[in-house]
Amino acid sequence: MKIESVLAQIGSLSEPGTGAVSFPIYQATAFRHPRLGQSTGFDYSRSKNPTRAVLEQAIAELEQGDAGFACSSGMAALQTVFALFSQGDHLIVSLDLYGGTYRLIEKVMGRFGVTATYVDTNDLDALESASRPNTKAVLIETPTNPLMMITDLEKVCGWAKAKGYIAIVDNTLLTPFFQRPIELGADIIVHSATKYLGGHNDVLAGLIVTKGKELSEQVAFLHNSIGAVLNPQDSWLLMRGMKTLALRMERHQYNATKIAEFLQAHPMVEQVYYPALPSHPGYEVQSRQSSGNTGIFSFRMKDARTIEPILRHIRLIAFAESLGGVESLMTYPAVQTHADIPEEIRRQVGVDDRLLRFSVGIEHVDDLIGDLSNAFDVAQAELV
Ligand SMILES: *Cc1c(COP(=O)(O)O)cnc(C)c1O
C-alpha cells in the first residue's frame, strides 16, 4: 500500500469487535486477567495501552522500523533514547541543533557524565575527528532547524555503522511522508510529533522508532521504566492528525516553496534558507534522499531594524514558537527557540539577529504573501 493509504487508514481495521472505523480511546490504566498465568496482552497502561499500541504500530510501519514507542513529548522521546547511554559515553551531534535537545544533552545528560561534540554531520572529516574511543552514537537532524542544513543520510549512517555507532535521526521536519531514514541506514528515529505529525498545534507528543531486535527490546525496557508515555486521549488525537498528513505536507511544501521564491526576489531580504531552492547547498542531496520538502524555512533580512516592525505588523501569520501546524507561525530564533544555545555557537552556525524562521501553514498562499508583503512595506516605511 502507498503511504497515503496507510495514513488515512490508521486504526481503522484494528477494532474487529465493533468494526469502529475510528479506533476507540481506551481510558483505562488496569486490565483484568482472565485467570492466573493468562493475559489479554494488556496489564497496566504504562507498559501497554490499546490506543497507544495502534499509534505505535502505525509509526513503526510508516518509518519501516521494527517497533514504535509513543512518549509524552519530543523531549521525552529523546530522553528515553539518551537513557541508552551511560556515564563516560560520548555522542556526536548535528551542530545546528534544536535548542531543547542541546539543553537536554548539556544541562541534564552532562550531569550524568554523557558528553557530546557538535559538528556539521555532513562533513565526514569533521565526524572522523570528533570520534573518540568512547563514542556511542551520532544524532542527526536533517534538515536542521533553523538553517536547513542537509546531511547525506546514506553516507553518514554507513559511516556510523562501520564505526559501530548507533545512528539516530530526528525526522521531525520531514516526517515519514517525505523521508524514511531507516531505509537509508538509520537505527533509531525520533519525532516531535507535536509538529507535522500532529499538525494542528493542539497535541504535545513524541515518537521513537527502532530497527533491529536488540535496540527495540532495549528501548521498550526504557520506555516502560522511565514512564514518559503518551496518554490514550493524546494518542487518539495524534492518530486523528496523522490521517491527513499527506495532504497537509503537500500543501505546506507548495506554500513554502512559493513564499521562499517570493522572499528570495525581495529587495529587503538578504538570504533564504530552503532546500527546495536550487541555490541551496543541500538541494541535490535533499532531492535524492527525500521525496519532498518541509514547510519551514528561514530567511535573513538585510537590516536588523526591520525585524521588530515585521513581527508587529504580521496579522494572518502569528508571531509564535513551534512549527508544523496548519496555522502559519513566525519566530525569531536568536531570542526564542535558540536562546539556550550559547551566542558563540549560534553565530558560528548563522542564527543571528537578522534571521527569522517561518513555519508556513496551509492557508491560501496569496493571503500569506499579502500579509508578509504588507508587514515588509510598513517596516520599510518606519525605517525612513
Ligand atoms: C520541537 C522539537 C523537539 C522537541 O519536541 P517537543 O514535542 O516540543 O518536546 C525536538 N526536535 C525537533 C527537531 C523539534 O522541532
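A residue is called buried when its relative accessible area is under 20%, exposed when it is over 50%, and partly exposed in between (1.4 Å probe, protein chains only). The structure described here is a predicted model, in which local features need pLDDT of at least 70, side-chain atom pairs count only at pLDDT 80 or more, and totals for chains, interfaces and linings use all residues. Residues are numbered from 1 along each chain as its sequence is written, and side-chain values use heavy atoms, with hydrogens and water left out.

The interior is considered first. In soluble globular proteins, nonpolar side chains tend to be buried together. A nonpolar core is here a set of buried Ala, Val, Leu, Ile, Met, Phe, Trp, Tyr and Cys residues joined through side-chain atoms within 4.5 Å. The largest such core has 90 residues, among which Phe82, Phe85, Ile168, Ile188 and Leu238 touch the most other members. Because domain 1 (3-242) and domain 2 (245-383) both contribute residues, this core lies between them; the domain bounds come from an automatic or database domain assignment. A second, separate core comprises 29 residues, including Ile310, Met330, Phe358 and Val360. Phe82 itself touches Leu91, Thr101, Leu104, Ile105, Met109 and Leu139, when residues up to four places away in sequence are not counted; contact means heavy atoms within 4.5 Å.

The next feature is a pair of helices. Helices (H or I, at least four residues) and strands (E, at least two) are DSSP runs, numbered from the N terminus. The axes of α10 (residues 245-264) and α14 (residues 365-383) come within 10 Å and cross at roughly 30°. Axes are lines fitted to C-alpha atoms, for helices over the stretch in contact, and angles run from 0 to 180 degrees between N-to-C directions. The two helices are therefore roughly parallel, a term for angles under 35 degrees. Tyr254, Asn255, Lys258, Ile259, Phe262 and Leu263 in α10 meet Val365, Leu368, Ile369, Leu372, Ser373 and Phe376 in α14.

Finally, the backbone deserves attention. Most residues other than glycine have a negative phi, and most peptide bonds are trans. In the loop between β4 (135-141) and α6 (153-163) lies Pro143, which is joined to Thr142 by a cis peptide bond with omega about -5°. Pro146 is in the loop between β4 and α6, and the peptide bond from Asn145 to Pro146 is cis, with omega near 15°. Met148 is also found in this loop; its phi is positive, near 60°, and Met148 is buried at a relative accessible area of 0%. Asn201, in the loop between β6 (188-192) and β7 (206-210), has a positive phi near 55° and is partly exposed, at 35% relative accessibility.

Definitions and conventions. Parallel < 35°, antiparallel > 145°, perpendicular 65-115°, else oblique.
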